[in-house]
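I set out to record what can be looked up in this structure, entry by entry. The notes follow the order in which I consulted it.

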Amino acid sequence: MRNRHNNYKSFVSLRYEILIILSIICTASLGLSPSTVTAGVETSFLYRLSNFSGPVHYNWASISVDEERNEIYVLDPRAGDITVFNDQGMEFYRFGDDGSLRAATDLALDKDGNILLLLSPGRSNAAIIKCNFRGEPIAQLELKNFPPDFSAFLPVRMIYRQELLYLLDANSLKIAVTDANGVFQNGYDLGSLAGVEETKKDRTDIDGFSVDSKGNMLFTIPVKFAAFVLSPDGEIIKF
């Protein structure tokens, strides 16, 4: 049963987002222009996520991959459950279909294969619940030592990389980085870094969000028609 994935939408948009993220990573690391990188990207269809009744369709789902165990975890916020697929995209386990996960907005997997669930009940008092591979809660991570300018921080997206948690508040345009226990390490005001005018921040939000293996934060701002790469030291690249 121990088989085990950023942040996304439907399968088509997920494949499109992967292309965008790959382009951004390659551009940032190789110093190439976006058009040059995109032209060199090749993809092929692998499989549809399925169960014994056929393909499983999602909209606005959160996806997390356990690369070590070759498993895919999909959180469907509307149904309030998590489905686990094997390396061939076949469903083999599901939990939360009792309604217990309806407050979950994102999920991630830590280095030990534990499931981290980001809960935002009523869009307030966010909490992170650690579960074992069966989905049974084993601990709750308390978000601690956040500075005053992050006092109203309400994360709705979460990514685990190199024993750090990257939490995104898409509405306030901020990212908080904590250690694996939820203790604040660093924070970024994406609105200021991306050049969003103060008077327009309440009409601007983050859509795509990911983090690469070096801690570079990748995100998109739809109303600016732009994608960004933010390095851990605060340097930003815009496309």
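This is a predicted model: local features need pLDDT of at least 70, side-chain atom pairs count only at pLDDT 80 or more; totals for chains, interfaces and linings use all residues.

Entry 1. I found that the bridge partner of L75 in β5 is I82. The hairpin of β4 and β5 has four residues between the strands, and G80 takes a positive phi near 75° there.

Entry 2. I then turned to the other partner, β3, and counted five bridges to β4, again with the two strands antiparallel. For D66 I noted E71 as the bridge partner in β4. β3 and β4 form a hairpin as well, with four residues between them, and N70 in the turn has a positive phi of about 55°.

Entry 3. I looked up W60, which lies in the loop between β2 (54-55) and β3 (62-66). Is W60 buried or exposed? Its relative accessibility is 58%, and the cut-off for exposed is over 50%, so W60 counts as exposed.

Entry 4. I moved to the open sheet of four strands in the order β11-β12-β13-β14, where the pairing is antiparallel. Its edge strands are β11 (157-161) and β14, each pairing on one side only. Ignoring direction, I noted that neighbouring strands of this sheet are turned by 20° against each other on average.

Entry 5. Within that sheet I followed β13 and strand β14 (residues 184-189), whose antiparallel pairing extends over five bridges. T178 has F184 in β14 as its bridge partner. In the hairpin of these strands, with four residues between them, I found G182 at a positive phi near 90°.

Entry 6. F184 came up again in the search for aromatic pairs: it forms one aromatic cluster with F146, F150 and F153. The search of the whole structure gave six aromatic pairs.

Entry 7. A second open sheet was looked up, of four strands in the order β15-β16-β17-β18, with antiparallel pairing. Here the edge strands are β15 (209-211) and β18 (236-238), and each pairs on one side only. The twist from one strand to the next averages 20°.

Entry 8. Strand β17 (residues 226-230) and β18 run antiparallel and are joined by three bridges. Opposite F228 I found K238 in β18.

Entry 9. N216 lies in the loop between β15 and β16 (217-221). Is N216 buried or exposed? I record N216 as buried because its relative accessible area is 17%, the cut-off being under 20%. Setting aside neighbours within four places in sequence, I listed the contacts of N216 as S210, V211, V229, L230, S231 and P232.

Entry 10. Which residues of the largest nonpolar core touch the most other members? Of its 21 residues, these are I175, L190, I206, F209 and F219. The elements giving two or more residues to this core are β12 (164-169), β13 (174-179), β15, β16 and β17. For F219 I looked up the contacts, not counting residues up to four places away in sequence: L190, I206, G208, F209, A226, A227, F228, L230 and I236. A second, separate core has 15 residues, including I82, V84, Y93 and I129. I82 is also the partner of L75 noted in Entry 2.

Conventions. Residues are numbered from 1 along each chain as its sequence is written. Side-chain values use heavy atoms; hydrogens and water are left out. Two strands pair if DSSP finds at least two bridges between them. Axes are lines fitted to C-alpha atoms, for helices over the stretch in contact, and angles run from 0 to 180 degrees between N-to-C directions. Buried means under 20% relative accessible area, exposed over 50%, partly exposed in between (1.4 Å probe, protein chains only). Contact means heavy atoms within 4.5 Å. A nonpolar core is a set of buried Ala, Val, Leu, Ile, Met, Phe, Trp, Tyr and Cys residues joined through side-chain atoms within 4.5 Å. Rings of Phe, Tyr and Trp (its six-membered ring) pair if their centres lie within 6.5 Å; planes under 30 degrees apart count as stacked, over 60 as edge-to-face and the rest as tilted.
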